[in-house]
Amino acid sequence: MERPVVRPRRLRRTPALRAMVAETSVAASQLVLPVFVAEGADAPRPISSMPGVVQHSRDSLRAAAVEAAELGLGGIMLFGLPAAKDAVGSGATDPQGVLTVAVRDVVAEVGDALPVMADLCLDEFTDHGHCGVLAADGGVDNDATLEVYAEMARVLADAGVDVVGPSGMMDGQVAVIRDALDGAGHTATTILAYSAKYASAFYGPFREAVDSSLSGDRRAYQQDPGNGREGVREALLDVAEGADMVMVKPALAYLDVLRRVRDAVDVPVAAYNISGEYAMVEAAAAHGWIDREPAILETLTSIRRAGADVVLTYWAAEAARLLAR
Ligand code: PBG
């Protein structure tokens, strides 16, 4: 019998050999923790479709931010749930609104030890659940929404946010936000653009997390899941408009888009391991159908391998602890 000369197994024999040749690493500093804070909550409230994730009170949010800083996470991404929603998302631009207050709270708590990021979008604040203000025909009015985003960016930057994450998929949003920030003297405020953001069924649990019921769908502004080339185009446009970082979202069903975007731009690329991806692993693990901790680490490793410099994940704190053992 002919013996194999080339034996890839040689490099897999011991944990030390495997560690030496590992191509992909996951570090706490590359993980960003998305968190929800509910206006008026006096205690954290569980989110049933996202076991282990809560809608924070102001106090529990501060504690989570301190823990995130202590774990050496890459950042914290804040989502605000206003007590009342309306057609134009007034809470988003209110200097006393839930998100703005949360930014001030967290910045006061962690200072420069942890980058503080805020989702810049209206869907948490509108009663119809769309990412912008509506035109007479019921569609989302791109340019009217841009004006609101500009104001929201200024309010968040005044509150001390390090990074704004425009996620509404309005055309021209990065340029308008950059201009608004610079015009208000916030030249150091960073833009992490949700560039290639798809109209995904995997956002389901997020709706519960932010108490949002969507009328209709988002396909007139979020991308068609079949369009990879268009994801690269969106990322290039955002870089040209001044995005400091770009993002692909969701992550797992779009790892090819992530790779293509990584190869096409020179700015850091993030990927959002979203609510539905989290829920699938948690649900299967709860049934004993998959081994939870290895599944979490494999998920994060695959997103890094596909090209993400930064991963937004609801497992960020737990993963940092797992990686430290
Ligand atoms: C928009 C936004 C969404 C998510 C993050 N930012 C919802 C959407 O666009 O429909 C989803 C995150 C997740 O599902 O974990 N504000």
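Me: Where is L71 found, and what makes this residue buried?
Reply: In this predicted model, L71 sits in the loop between α2 and β4 (75-81). A residue counts as buried if 20 or more other C-beta atoms lie within 10 Å of its own. L71 has 20 other C-beta atoms within 10 Å, so L71 is buried.

Me: Which residues is L71 in contact with, leaving aside its neighbours within four places in sequence?
Reply: Those residues are A28, A317, A320 and R321. For A317, the C-alpha atom is separated from that of L71 by 6.9 Å, although the two residues are 246 apart along the chain.

Me: Which residues of α2 and α3 meet, and what is the make-up of the contact by class?
Reply: From α2 come R58, L61, R62, A65, V66 and A69, and they meet A102, D105, V106, E109 and V110 of α3. By class, this contact has 7 nonpolar and 4 charged residues, with no polar ones.

Me: What makes α4 oblique to α5?
Reply: The axes of helix α4 (residues 142-158) and helix α5 (residues 173-183) cross at roughly 45° and come within 9 Å. That angle makes α4 oblique to α5, because the roughly parallel class holds angles under 35 degrees and the roughly perpendicular class those from 65 to 115. The crossing of α4 and α5 is right-handed.

Me: Which residues form the contact of α4 with α5, and how many are nonpolar?
Reply: L146, Y149, A150, A153, R154 and A157 in α4 meet Q173, V176, I177, A180 and L181 in α5. The contact has 9 nonpolar residues, 1 polar and 1 charged.

Me: Why is D211 called partly exposed?
Reply: A residue is exposed with 12 or fewer neighbours, buried with 20 or more, and partly exposed in between. D211 has 16 C-beta neighbours inside 10 Å, and therefore counts as partly exposed. D211 also has a positive phi, about 50°, although it is not a glycine. Its place is the loop between α6 (204-209) and α7 (228-240).

Me: Which residues does the cis peptide bond join, and where is P250 found?
Reply: The cis bond joins K249 and P250, with omega about -10°. Most peptide bonds are trans. P250 is found in the loop between β8 (245-249) and α8 (255-264).

Me: Which residues surround the ligand, and how do they divide by class?
Reply: D119, C121, D123, E124, S167, Y203, F206, I274 and S275 surround the ligand. This shell has 4 nonpolar, 2 polar and 3 charged residues.

Definitions and conventions
Residues numbered from 1 in each chain as written. Predicted model: local features only at pLDDT ≥ 70, side-chain atom pairs only at ≥ 80, totals over all residues. Near = placed C-beta within 6 Å. Nonpolar A, V, L, I, M, F, W, Y, C, P; charged D, E, K, R; others polar. Contact = placed C-beta atoms within 7 Å. Helix = DSSP H or I, 4+ residues; strand = E, 2+ residues; numbered from the N terminus. Axes fitted to C-alpha atoms, helices over the stretch in contact; angles between N-to-C directions. Parallel < 35°, antiparallel > 145°, perpendicular 65-115°, else oblique. Left-handed = near helix turned anticlockwise from the far one by under 90°.
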